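Please consider the sequence and the model below.

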Amino acid sequence: MLRYRNIMISTLLLLGPLLSKARQDSANSFSAYADQQEKVFVALYEKKDVTTYEHLLQAWQERYRQLPDKTQKQYTRYLANAYYNLACVHALLGNKKPALDYLGLSIQSGYSNYAHMMKDTDLDGIRKDPAFSKMLQPLRATGDYLYILQRAGTYNEKDKRPLPAFTYQPAGDINLTALRRAFNLDSIAGQGHDVSKVLNVLHWVHELIPHDGNHENPAARNALQLIAVCRKDDRGLNCRGLATVLNEAYLALGFASRLVTCLPKDSLRTDPDCHVINMVYVPSLKKWIWADPTNDAYVMNEKGELLGIQEVRERIIRNEPLILNPTANWNHRSSTTKEDYLYRYMAKNLYILQSPAHSTWNMEAPEPGKTIQYIQLLPLDYFKQGPDKKESTSQKSGTTYQYYNTNNPAAFWQLP
């Protein structure tokens, strides 16, 4: 079964062949090349054309090797997926040795989705080969995301390490007031109860700005400027940018809200991926709820009750029922399914949770003399528990970044 770099990428159609001489590439030109070539690889997978696939992959590798080492790391996922899909084609054609060889190269390049490989019918032709089992066996501890998360269910509620207090900027702040007026957020939220207001604003951000996970966000760090740049340049934002816009919209309407960076365990240091969503406090429910503007997603239990991030995490670990809103989608190009989104992608990324201590307008904008504090919730299973506090100052911006660790979920999820 064809696998992609990002769960939100839908099936791509055959494009014209892309042939180019190897040359030194800037990050931007290689990014465009990699995106385009990936579409070609998808088409060749579907046609089962291994000869052309291998020829173009060799050309891709030649250009890739000319990139600086640091830049190469940004594109290892492309390489891992290219190898994986080529392994699938060979396996489907009955070519066992090249199928196993390319699967090994894919794993060496960082492909680690153990659960998918165990059920991918494309690999059935090599599944009984002893080399297949030997290759995959070590991956369970690094690539079976449900297994990893289930082992990370234990925290320490007695952890009393000092942490900054979580704070939320009042809606009366001049910048939040400007945002509220500029986009008539009261009209967008509507006149209903607080739950409908929260969901209406989630839908609005999702519709306003497309998700673009393959490129960096603009230099702006606040909702007004981010929206303006997206309109001017006809572009999207990655998950952090979208969550920033949603966070400030919630604050402007008087809702306590936080960005939450959801991170994998990544003990091999091969997975640079994470996902950023929002937690917003709903007064009538007296709880935080999950809000993901990238996928226009929120999560419920079997009774239809809205759940927070910590509840979703616990239910995944305990294998309890979860319901994803049926309208969840990625850029209206593909539906976001519960199985792929919650049990694969978010199961991977719900291992470590990180949030800014102070939720404000423009909170992550670098400024000389500014200190930005983050609090990280670590499970006891995590291999690197210390230091309790880490601090660094950017020579370029003069901004100081502080990271505090805790094993206490009550401290992280405290109500506003």
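Predicted model: local features only at pLDDT ≥ 70, side-chain atom pairs only at ≥ 80, totals over all residues.

Helix H12 itself runs over residues 194-208, a stretch of 15 residues. From its first C-alpha to its last, H12 reaches 21 Å, close to the 21 Å expected at 1.5 Å a residue. The buried residues of H12 are Asp194, Val195, Val198, Leu199, Val201, Leu202, Trp204, Val205 and His206. In an α-helix there are 3.6 residues a turn, so residues three or four places apart point the same way. Within H12, Val195, Val198, Leu202 and Val205 are among the residues that are buried.

The description now turns to the domains. The chain is divided into domain 1, residues 25-143, and domain 2, which consists of residues 167-352 together with 408-413. Their C-alpha centres lie 32 Å apart. To the contact, domain 1 gives 7 residues and domain 2 gives 10 residues.

What spaces are enclosed within the protein? Across the whole structure, a search finds 3 cavities of 30 Å³ or more. The second largest cavity holds about 160 Å³ of space. Its lining is made up of 16 residues, and those nearest its centre are Thr142, Tyr145, Ile148, Asp266 and Ser267. Two or more lining residues come from each of helix H8 (140-143), helix H9 (145-150) and helix H16 (338-349). Helix H9 gives the most to this lining, with 3 residues. Sorted by class, the lining of the second largest cavity has 8 nonpolar, 4 polar and 4 charged residues.

Leu123 is placed in the loop between helix H6 (114-119) and helix H7 (130-136). Is Leu123 buried or exposed? Its relative accessibility is 0%, and because buried means under 20%, Leu123 counts as buried. Leaving aside residues up to four places away in sequence, Leu123 touches Tyr84, Cys88, Ala91, Met117 and Phe132. The C-alpha atoms of Leu123 and Ala87 are separated by 8.0 Å, although these residues are 36 residues apart along the chain.

Two lysines have a positive phi. Phi of Lys48 is near 60°, a positive value in a residue other than glycine. Lys48 lies in the loop between helix H1 (27-47) and helix H2 (50-65). With a relative accessible area of 38%, Lys48 is partly exposed, because that class falls between the limits of 20% and 50%. For Lys286, phi is about 55°, again positive although the residue is not a glycine. At 65% relative accessibility, Lys286 counts as exposed, because exposed means over 50%.

A further backbone feature concerns a proline. A cis peptide bond joins Gly386 and Pro387, with omega at about 0°. Pro387 lies in the loop between strand S11 (371-377) and strand S12 (389-393).

How values were computed: Residues numbered from 1 in each chain as written. Heavy atoms only, no water. 1 Å grid on protein atoms, 1.4 Å probe; cavity = no way out; pocket = protein on both sides within 12 Å on 5 of 7 lines; lining within 4 Å. Points joined across faces, edges and corners; volume = space filled by probe spheres on them. Helix = DSSP H or I, 4+ residues; strand = E, 2+ residues; numbered from the N terminus. Nonpolar A, V, L, I, M, F, W, Y, C, P; charged D, E, K, R; others polar. Expected span 1.5 Å × (residues − 1). Buried < 20%, exposed > 50% of the residue type's maximum accessible area, 1.4 Å probe, protein only. Contact = heavy atoms within 4.5 Å. Domains from an automatic or database assignment.
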